[in-house]
Amino acid sequence: MKQYSEACEQNRTPILNILKDEFSGMRQVLEIGSGTGQHAVYFSRHLPHLQWHTSDLEENHASILAWLAEAELANVLPPLLLDVSRNDWPAQQFDGVFSANTTHIMNWSSVENMFA
């Protein structure tokens with residue numbers, strides 16, 4: 001169930017260096033397209049002031065949950081069902097939004113929905 005992404009391993013540290021500043025005053029962050037769950041675990045471990053909300057299509061939830069179960073972090077939450085192609089956004093409010101390794105695999109209308 002637990003999937004692995006080499007891209008996440010390669011880009012997580014440079015991304016974290018940016019997020020430390022960009023998310024310093026935030027508390028609730030939505031990750032769009034949590035994929036394997038690796039970024040969620042890594043960033044939650046290094047940014048303990050954040051409540052990290054994972055999200056993705058249902059077929060990716062098992063891997064996200066496996067990463068979360070192994071990490072046992074209190075500040076990262078189980079995945080929300082989110083399909084940006086359908087504009088089916090969570091009702092709750094977030095201080096920030098994060099997404100990586102996603103837009104290049106989405107169709108153009110989904111990219112537009114995500115940024116709208």
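Residues are called buried under 20% relative accessible area, exposed over 50% and partly exposed in between (1.4 Å probe, protein chains only). The model is predicted: local features need pLDDT of at least 70 and side-chain atom pairs count only at pLDDT 80 or more, while totals for chains, interfaces and linings use all residues. Residues are numbered from 1 along each chain as its sequence is written, and side-chain values use heavy atoms, with hydrogens and water left out.

**View 1. Arg12 in helix H1.** Arg12 belongs to helix H1 (residues 6-22); helices (H or I, at least four residues) and strands (E, at least two) are DSSP runs, numbered from the N terminus. With a relative accessible area of 24%, Arg12 is partly exposed. Its side chain makes a polar contact with the side chain of Glu9 (3.5 Å). A polar contact is a pair of N or O atoms within 3.5 Å; within protein, one must be able to donate a hydrogen and the other to accept it, and residues adjacent in sequence count only if both atoms are side-chain atoms. Neighbours within four places in sequence aside, Arg12 is in contact (heavy atoms within 4.5 Å) with His39, Tyr42 and Phe43. Arg12 and His39 are 27 residues apart along the chain, and their C-alpha atoms are separated by 6.8 Å.

**View 2. The packing of H1 and H2.** H1 and helix H2 (residues 38-46) pack at an angle of about 40°, and their axes are 10 Å apart. Axes are lines fitted to C-alpha atoms, for helices over the stretch in contact, and angles run from 0 to 180 degrees between N-to-C directions. On the H1 side the contact includes Cys8, Glu9 and Arg12, and on the H2 side it includes Gln38, His39 and Tyr42. The residues of this contact divide into six nonpolar, five polar and two charged; Ala, Val, Leu, Ile, Met, Phe, Trp, Tyr, Cys and Pro count as nonpolar, Asp, Glu, Lys and Arg as charged, and the others, Gly among them, as polar.

**View 3. The surroundings of H2.** H2 is largely enclosed by the rest of the structure, because seven of its nine residues are buried. These are Gln38, His39, Ala40, Val41, Tyr42, Phe43 and Ser44. The buried residues of H2 pack against H1, E1, E2, H3, E3 and E4.

**View 4. The open sheet.** Four strands, in the order E3-E2-E1-E4, form an open sheet with parallel pairing; two strands pair if DSSP finds at least two bridges between them. The edge strands, E3 (76-81) and E4 (96-98), each pair on one side only. From one strand to the next, the twist averages 25°. Strand E1 (residues 28-31) is joined to E4 by three bridges, and Glu31 stands opposite Phe98 in E4. Helix H3 (residues 61-71) lies across strand E2 (51-56) and E3, running at about 175° to E3.

View 5. Asn113, in helix H4 (residues 108-115), is buried, with a relative accessible area of 18%. The side chain of Asn113 reaches the backbone oxygen of Val84 at 3.0 Å. Beyond its neighbours within four places in sequence, Asn113 is in contact with Val84, Ser85, Asn87 and Trp89. Asn87 is found in the loop between E3 and E4 and is partly exposed, at a relative accessible area of 43%. Although Asn87 is not a glycine, it has a positive phi of about 55°.

**View 6. Glu72 in a loop.** Glu72 lies between H3 and E3, in the loop. Its relative accessibility is 70%, so Glu72 counts as exposed. Glu72 has a positive phi of about 50°, although it is not a glycine.
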